[in-house]
Amino acid sequence: MNIAIIGAGAGIGLESVLKALKNGHVVTALSTNTDKIPDHPNLIKINGSATSPIDLKNAIKGSDAVLITVGTKNKKATTLFSDIAIALLKVADELNFSSPVLVITGFGAGESKNYLSFFMKTVISLFLKEQYANKTIMEELITKSNLKWEIVRPGMLTNADATSAYKVLPVLQKGMKVTKISRADVAHYLINEAENPKMLYQYVALTN
């Protein structure tokens with residue numbers, strides 16, 4: 001497979017690059033900084049922006065699956081995620097793109113905010129409110145489009161090793177517990193799902 005990973009320079013994106021290459025795929029990695037991505041014969045690096053239609057087009061054309069894994073440390077008001085969605089929809093329309101697009105947002109975006117634990121509700125309210133508001137807009141734009149989408153909402157991210165023992169929760173339920181999950185486990189899910197999509201057109205929560 002040819003897998004395009006947008007936001008590939010760090011975090012979930014970088015873990016996804018490593019996992020995809022380990023599984024024998026060709027990877028096109030788009031990031032504003034690709035320096036931390038180890039060179040590999042099956043890896044194509046593109047230094048660019050996920051909000052740039054030109055860069056996005058170069059990254060996703062011809063791919064069999066696209067992973068949107070962009071994050072930000074900016075806790076102030078941002079339009080990053082909605083800007084990515086707008087650029088993606090423009091490019092997908094131009095390319096008549098029909099491969100699966102798996103989009104990382106976070107548990108707390110969209111309707112999932114009503115199912116947060118008190119602790120996570122407090123954390124997001126105090127520190128990540130603007131991020132999650134824009135992630136919600138991103139979800140709305142993508143799910144109302146013609147993309148073959150899947151929204152992936154991990155819990156609180158850690159740098160722990162992959163366990164492959166995480167839970168996949170496709171339904172929002174009262175009392176559900178979505179806590180921590182490693183970036184490596186999120187990457188494991190994304191690559192498995194890219195290889196064999198089972199949750200298209202669904203909102204999937206991931207947790208330990």
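**Notebook: pockets, a helix and an aromatic pair**

I began with the lining of the largest pocket and found that helix 4 gives the most to it, with 6 residues. The model is a predicted one, in which local features need pLDDT of at least 70 and side-chain atom pairs pLDDT 80 or more, while totals for chains, interfaces and linings use all residues. Residues are numbered from 1 along each chain as its sequence is written, and side-chain values use heavy atoms, without hydrogens and water.

I noted the terms. Helices (H or I, at least four residues) and strands (E, at least two) are DSSP runs numbered from the N terminus. A pocket is an open set of points on a 1 Å grid over the protein atoms alone, with protein on both sides within 12 Å along at least five of seven lines; a cavity is a set where a 1.4 Å probe fits but cannot get out, and lining residues have an atom within 4 Å of a point. Grid points are joined across faces, edges and corners, and a volume is the space filled by probe spheres set on the points.

**Largest pocket**

I looked up its volume, about 1,100 Å³. Its lining has 38 residues, and Thr 69, Val 70, Gly 71, Thr 72 and Lys 73 lie nearest the centre. Helix 1 (11-22), strand 2, helix 3, helix 4 (118-143) and strand 7 (156-158) each supply at least two residues of this lining.

**Cavity**

I found 1 cavity of 30 Å³ or more. The largest cavity holds about 40 Å³. Its lining is Phe 107, Leu 116, Met 120, Gly 155, Met 156, Val 178 and Thr 179.

**Helix 2**

Which residues of helix 2 (residues 53-60) are buried? I list Asp 55, Leu 56, Ala 59 and Ile 60; buried means under 20% relative accessible area, exposed over 50%, partly exposed in between (1.4 Å probe, protein chains only). They lie on the same side of helix 2, because they cover an arc of only 115° around the axis, taken from the directions from the helix axis to the C-beta atoms. Just after helix 2, Gly 62 has a positive phi of about 80°.

**Aromatic pair**

I counted 3 aromatic pairs; rings of Phe, Tyr and Trp (its six-membered ring) pair if their centres lie within 6.5 Å, with planes under 30 degrees apart stacked, over 60 edge-to-face and the rest tilted. Trp 149 and Tyr 201 are edge-to-face, because their ring centres are 5.8 Å apart and their planes at 90°. Trp 149 is in strand 6 (residues 148-154) and Tyr 201 in the loop between helix 5 (183-195) and strand 10 (203-207), 52 residues apart. Trp 149 counts as buried at 8% relative accessibility, whereas Tyr 201, at 47%, counts as partly exposed.
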